[in-house]
Amino acid sequence: FFFSSRRRHTRCSGVSWARRCVQETGVIYHTAEFTFVCFCHPRTLSWNSFLINHSREYGIMITFQLIEHSLLANLTNFKDNYYVMYIGLIIASVGHFFRIGAFYSARSNFHHVIQTNHVPNHKLVTTGIYRFSRHPGYFGWYWFSVGNQLILVNPISLI
C-alpha cells in the first residue's frame, strides 16, 4: 500500500509516489463502489458497478488529469511537494470516508443511478452520516476528487 517496506529502501520521487497513491486510492474507491452494490443491490451487480466507465465526462477528467500531471512533471520541479501531496491524501481519505458512510448509512436507499420514480420501500435517511450532511455521497466524491488533484499537484485540474 502507501507506505510499504519497499519504499524505505529506495528513494521514490514525488511524481512516482503521487501516481502510485492515486492509483491505489482509485482501486480502493472503485472496489468500495462495487462492494456496496454487491451487498445492497445484488440484482443490479455488473461490471458497471465499479463505476470506472460510468460517463464520458469521467473518462475525459481522468485523461486530462493524467496528461496535466505528466506534462507538468516533465516541465517543472514542484511535483516533489510532499506537503501538498500528504494534505491531498488526507482530504481524499476524508472524502472517501463520507462517500462510504453514505453507502452504509442509506444502504438500499442509496443508488448510483439517480432515481426518477418513487420506490415504495424507499425511506428518507436521517441517521448515520446523514445526520451531519444532506448529501454525503456527493460531498465525499467532491473532496475525494479535490484530494486526488492535490496528490498529483495538478493546479489546472484542481480549479
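In the predicted model, Cys21 has a relative accessibility of 1% and therefore counts as buried. Cys40 is also assigned to the buried class, because its relative accessibility is 16% and the limit for burial is 20%. Cys40 takes part in no disulfide. The nearest cysteine sulfur to that of Cys40 belongs to Cys38 and lies 9.4 Å away, whereas a disulfide requires sulfur atoms within 2.5 Å. Under this criterion the disulfide count is 0.

The chain comprises 159 residues, of which 39% count as buried. Its secondary structure consists of 6 helices and 0 strands, and the order of elements from the N terminus is α-α-α-α-α-α. Among contacts in the chain with a separation of 6 or more, 70% are between residues 24 or more positions apart.

Two helix pairs involving helix 5 were examined. The axes of helix 4 (residues 82-106) and helix 5 approach to within 7 Å, with a crossing angle of roughly 160 degrees. Helix 4 is therefore roughly antiparallel to helix 5, the threshold for this class being an angle over 145 degrees. The crossing of this pair is left-handed. On the helix 4 side, the contact is formed by Val84, Met85, Gly88, Leu89, Ile91, Ala92, Gly95, His96, Phe98, Arg99 and Ala102. The residues contributed by helix 5 are Pro136, Gly137, Tyr138, Phe139, Gly140, Trp141, Trp143, Phe144, Gly147, Asn148, Leu150 and Ile151. By class, the residues of the contact between helix 4 and helix 5 comprise 15 nonpolar, 7 polar and 1 charged.

Helix 3 (residues 56-75) also packs against helix 5 (residues 136-152), with axes that come within 10 Å and cross at roughly 20 degrees. Helix 3 is thus classed as roughly parallel to helix 5, since the angle falls under 35 degrees. The crossing of helix 3 with helix 5 is right-handed. Tyr58, Met61, Gln65 and His69 of helix 3 are in contact with Trp141, Gln149 and Leu152 of helix 5. The residues of this contact divide into 4 nonpolar and 3 polar, with no charged residue.

Glu68 is located in helix 3. With a relative accessible area of 5%, this residue is buried.

Leu51 has a positive phi of about 60 degrees and is placed in the loop between helix 2 (14-40) and helix 3. The relative accessibility of Leu51 is 12%, so the residue counts as buried. Arg107 has a positive phi of about 50 degrees and lies in the loop between helix 4 and helix 5. At a relative accessible area of 48%, Arg107 is partly exposed, because the exposed class begins over 50%.

Conventions. Residues are numbered from 1 along each chain as its sequence is written. This is a predicted model: local features need pLDDT of at least 70, side-chain atom pairs count only at pLDDT 80 or more; totals for chains, interfaces and linings use all residues. Side-chain values use heavy atoms; hydrogens and water are left out. Axes are lines fitted to C-alpha atoms, for helices over the stretch in contact, and angles run from 0 to 180 degrees between N-to-C directions. Helices (H or I, at least four residues) and strands (E, at least two) are DSSP runs, numbered from the N terminus. Angles under 35 degrees count as roughly parallel, over 145 as roughly antiparallel, 65 to 115 as roughly perpendicular and the rest as oblique. A crossing is left-handed if the near helix is turned anticlockwise from the far one by less than a right angle, and right-handed if clockwise. Contact means heavy atoms within 4.5 Å. Ala, Val, Leu, Ile, Met, Phe, Trp, Tyr, Cys and Pro count as nonpolar, Asp, Glu, Lys and Arg as charged, and the others, Gly among them, as polar. Buried means under 20% relative accessible area, exposed over 50%, partly exposed in between (1.4 Å probe, protein chains only).
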